Amino acid sequence: MKEYIFVQGAYEKNLQHISLAIPRNKLVVFTGVSGSGKTTLLYDVLFQEAQRQYLEAMGFQGMAKPKVESITNLSPAVLISQTDKNRNPRSTVGTVTDMYTDLRLVFEKISQRSCPYCAGSFAQSSVLDEVVKEQDQVLVYQTCPHCKKQMRKLTCTEFSFNTAEGACPTCQGLGVVWEIDAKRVLHDGLSLDEGAVVFWKQRYKEYQIETFNKALNHYSLAPVAGLKLGNFSHEQRTLLLYGTGSEQVKGLFPTIGLPKTQAEGKFEGVYTTLLRRIAEEKGVTKGLQEFFVQTPCPACHGERLQPLSREATLLGKRLPELSAMNVQDLLQWVEHLSQSLDRQQHLYVESYLLALFTKLEGLMQTGLGYLCLDRQTITLSSGEMQRLRLSSALNSSLTGIIYMLDEPTTGLHPKDTQNLITQMKLLRDKGNTVLVIEHDPTVMQQADMIFDLGPGAGRYGGRLIGSGTLNELRSQPSSVTGSFRQKQIERNPRDGSQLFLTVTNATRHNLHNLTVQFPIGCLTVVTGVSGSGKTTLVFDHLAEEPTITSAFDEVVVLDQPSIWAMKRSNVATFMDIYTPIRNLFAQEAKLDKPHLSAKSFSFNSKGGRCERCEGLGSIENTLLFFASREVVCPSCNGKRFNEEVLSVLHEGHSINDILLLTVEEASHLFCSNWPIQRLLTILLDVGLGYLELGQTIPTLSGGEAQRLKLARALSRQKRQSKKVLYLMDEPTIGLHPQDVEHFISLLQEMVKRGATLIVVEHNLQLIQQSDWIVDLGPEGGDKGGELLYSGPLSGIGSASNSYTARYLGLGSILTQ
């Protein structure tokens with residue numbers, strides 16, 4: 001039977017030798033509590049085996065087979081995961097979808113441009129005389145119809161901000177420049193010895209002060225020992241900032257020669273050092289960002305292109321202006337352009353306009369109509385990035401493909417969910433199999449088949465506990481999803497302390513001069529459709545307003561960006577659980593192996609770790625046409641450490657065994673060790689009991705990363721009376737409805753203890769338990785940014801144009 005993909009005996013990670021028949025050419029949902037094995041089944045088993053079989057069919061060998069007895073009737077698979085994100089600042093919505101390329105080609109063919117010699121305007125099309133000249137490269141020249149002089153033709157290369165020919169020469173096509181922020185680098189109220197230069201530390205500070213003193217002596221300037229930086233003379237400050245080789249210092253001392261060595265007083269200067277490091281590291285890296293501020297490029301004003309390219313027009317619009325339009329408005333412009341072209345012009349650009357129209361329609365249908373083509377992909381949420389890739393898949397004519405998606409509703413308001421479901425069904429109806437990890441009840445209700453994994457997380461999960469439609473799951477007692485009913489919790493909404501945080505005249509991005517109040521001591525949920533301005537209001541205004549945040553002892557910001565880029569950071573190290581664990585093992589080693597210290601049990605230090613994989617337990621396997629994959633280290637077989645270190649046991653567990661334990665399992669093992677147990681309990685409280693202690697941070701979903709940051713913040717609070725403001729961005733991402741209930745209980749307990757919570761959220765379960773709602777809209781992009789409602793949950797029904805009010809009235813499908 002070719003109608004099913006047959007999985008026989010999958011036992012990867014926590015999967016308990018499960019077998020299932022997945023219908024082909026259907027929309028299939030995999031659900032279950034967090035940590036039940038959904039991602040393992042789809043990514044580590046199905047996707048891995050699909051890649052392996054495809055590679056072997058082409059003659060490539062060596063890709064590891066997942067732990068499964070057999071999988072039959074597979075076909076090539078495309079994985080669209082939450083972790084897919086282009087970190088290149090040059091990558092935009094327009095470049096990753098190729099829509100910007102389509103627009104560049106249209107502008108190359110039929111745009112209006114001006115002559116750099118006579119300023120005459122003319123249409124850039126192939127009817128003009130062209131001359132090809134070969135110098136260091138092949139260049140195309142056109143003849144101006146007015147002054148008859150030749151000029152470089154503006155090709156699609158000149159319309160690209162990622163080429164030397166098209167990029168603004170001032171900002172190299174980035175649209176922004178980095179300037180040194182003096183307030184972040186210098187403290188005028190301190191002397192050099194006291195730390196007036198922020199990045200001068202320890203021995204480096206001593207060396208720089210000594211060298212600077214020699215420079216002062218070289219120019220016969222007074223010494224500055226003990227002098228506050230704010231009291232430096234103009235000459236002393238200039239020398240400190242720019243150094244002996246700068247034009248500024250040469251202008252102050254034109255008759256004094258330059259010192260040639262440090263001993264004579266050669267000194268680089270504070271600002272000059274920072275600028276040199278930028279040049280050496282080819283940009284402002286993470287370590288340098290704290291000393292710089294980003295501002296729009298003064299030459300192109302953020303438009304990225306060189307002057308001639310950014311001034312060319314089409315229907316009165318320049319290319320940067322079109323890139324700044326949202327998808328919906330750009331679609332209307334493309335339709336208008338197509339209707340206004342004559343027959344010859346249409347022939348030049350017909351295929352590009354068709355491609356643009358198709359791609360823009362796809363973005364509209366996946367709920368991304370509010371995005372602009374110049375939006376950097378690094379600013380997109382994981383859900384937005386998934387839907388962007390989904391829209392690209394919809395434009396493909398391929399059939400017989402298996403598409404795998406990881407919670408594509410992430411970041412979507414319930415209003416937009418139905419459009420997404422429609423697009424996934426279209427992908428299915430083209431003859432593809434769509435496999436989706438999802439907890440959203442609306443998606444589950446319309447799926448052709450649901451597989452429910454569980455019943456718990458970690459070793460308590462990995463079993464198939466239900467299958468069928470949502471209605472069929474309700475008749476299966478073993479199904480956690482089918483048997484779940486949202487609790488009817490008696491609500492006693494708080495009115496806070498009658499004190500409010502107030503954001504006044506918020507205008508960033510698409511916000512329309514908003515003034516919004518947030519009650520102190522309450523759980524406030526900020527809602528609205530995608531792109532309505534929620535994140536801007538909370539994280540760009542509220543989080544950065546000193547007069548607002550000064551009302552609290554601490555402000556904890558839990559937003560969506562990744563919490564750590566290094567794969568050496570894991571759950572145990574991030575929560576600082578690993579240090580006391582290593583100390584325990586060092587104690588165990590004292591009798592038989594006294595030479596082993598706590599450092600020996602660190603996978604980040606030489607000595608006890610496996611040097612083949614440098615303590616990671618895996619090495620990278622580079623594949624020719626596919627993304628590189630991690631494979632088990634052949635030296636230590638994934639155990640991270642050498643045999644001597646692994647021979648030391650605590651309660652029968654090696655140090656590697658400890659890293660393989662889930663948080664829940666570890667809480668049983670360390671139940672009598674209060675410092676470790678306290679941290680593990682906090683992780684359990686935020687719903688992360690299923691994570692392994694050694695799970696690396698980059699593998700976490702956005703919601704998991706947020707809840708881990710929340711756990712660390714809770715672990716560091718020492719005074720119960722401390723007033724804390726928490727700002728969260730969709731912390732329920734990745735949570736099953738049952739887990740959401742537990743998480744809501746934690747949030748309510750935090751408020752009871754005096755915290756103030758402001759949460760950006762679409763989850764109806766959480767919204768229904770809030771004390772206060774701030775609802776933005778009515779739509780996304782420039783059609784959003786308005787305050788539709790602000791007040792107690794009970795009053796939102798009065799907001800007639802609020803989508804949130806409408807969907808709150810429908811209740812949850814899982815309770816029906």
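Biologist: Before we dig in, what should I keep in mind about the model and its numbering?

Modeller: It's a predicted model, so local features need pLDDT of at least 70 and side-chain atom pairs count only at pLDDT 80 or more, while totals for chains, interfaces and linings use all residues. Residues are numbered from 1 along each chain as its sequence is written, and side-chain values use heavy atoms, with hydrogens and water left out.

Biologist: Fine. How are two packed helices described?

Modeller: By the angle between their axes and the distance between the axes. Axes here are lines fitted to C-alpha atoms, for helices over the stretch in contact, and angles run from 0 to 180 degrees between N-to-C directions. Helices are DSSP runs of H or I with at least four residues, strands are runs of E with at least two, and both are numbered from the N terminus. Take helix α11 (residues 327-340) and helix α12 (residues 343-365): they pack at about 155°, with axes 10 Å apart. That makes α11 roughly antiparallel to α12. The cut-offs are under 35 degrees for roughly parallel, over 145 for roughly antiparallel, 65 to 115 for roughly perpendicular, and oblique for the rest.

Biologist: Which hand does the crossing of α11 and α12 have, left or right?

Modeller: Left-handed. A crossing gets that label if the near helix is turned anticlockwise from the far one by less than a right angle, and right-handed if clockwise.

Biologist: And which residues of α11 and α12 meet?

Modeller: Contact means heavy atoms within 4.5 Å. On the α11 side you'll find, among them, Leu330, Leu331 and Val334, and on the α12 side residues including Leu353, Leu356 and Phe357. The residues of this contact divide into 11 nonpolar, 3 polar and 2 charged. Nonpolar covers Ala, Val, Leu, Ile, Met, Phe, Trp, Tyr, Cys and Pro; charged covers Asp, Glu, Lys and Arg; the others, Gly among them, are polar.

Biologist: What angle do α5 and α6 pack at?

Modeller: Helix α5 (residues 202-218) and helix α6 (residues 234-242) pack at about 135°, with their axes 11 Å apart. They are therefore oblique to each other. Their crossing is right-handed. Here Phe212, Ala215 and Leu216 in α5 meet Gln236, Leu239 and Leu240 in α6. Those contact residues split into 5 nonpolar, 1 polar and no charged.

Biologist: Let's switch to strands. In what order do the strands of the β8-β9-β10 sheet pair, and in which sense, parallel or antiparallel?

Modeller: Two strands pair if DSSP finds at least two bridges between them. This open sheet has 3 strands in the order β8-β9-β10, and the pairing is antiparallel. Its edge strands are β8 (130-134) and β10 (150-152), each pairing on one side only. From one strand to the next, the twist averages 35°. Between β8 and β9 (residues 138-143) there are 5 bridges, and Glu130 stands opposite Gln142 in β9.

Biologist: How many residues of β16 are buried?

Modeller: Buried means under 20% relative accessible area, exposed over 50%, and partly exposed in between, using a 1.4 Å probe and protein chains only. In β16 (residues 433-437), 5 of its 5 residues are buried. Thr433, Leu435 and Ile437 point one way, while Val434 and Val436 point the other way.

Biologist: Which strands does β16 pair with?

Modeller: Strand β3 (residues 27-32) joins β16 through 4 bridges, running parallel, and Leu27 stands opposite Val434. Strand β15 (residues 402-406) joins β16 through 5 bridges, also parallel, with Tyr403 as a bridge partner of Val434.

Biologist: What about β26?

Modeller: Strand β26 (residues 756-760) is mostly covered, with 5 of its 5 residues buried. Strand β21 (residues 523-528) runs parallel to β26 over 4 bridges, and Thr524 partners Ile758. Strand β25 (residues 724-729) pairs with β26 in the parallel sense over 5 bridges, and Leu725 partners Thr756.
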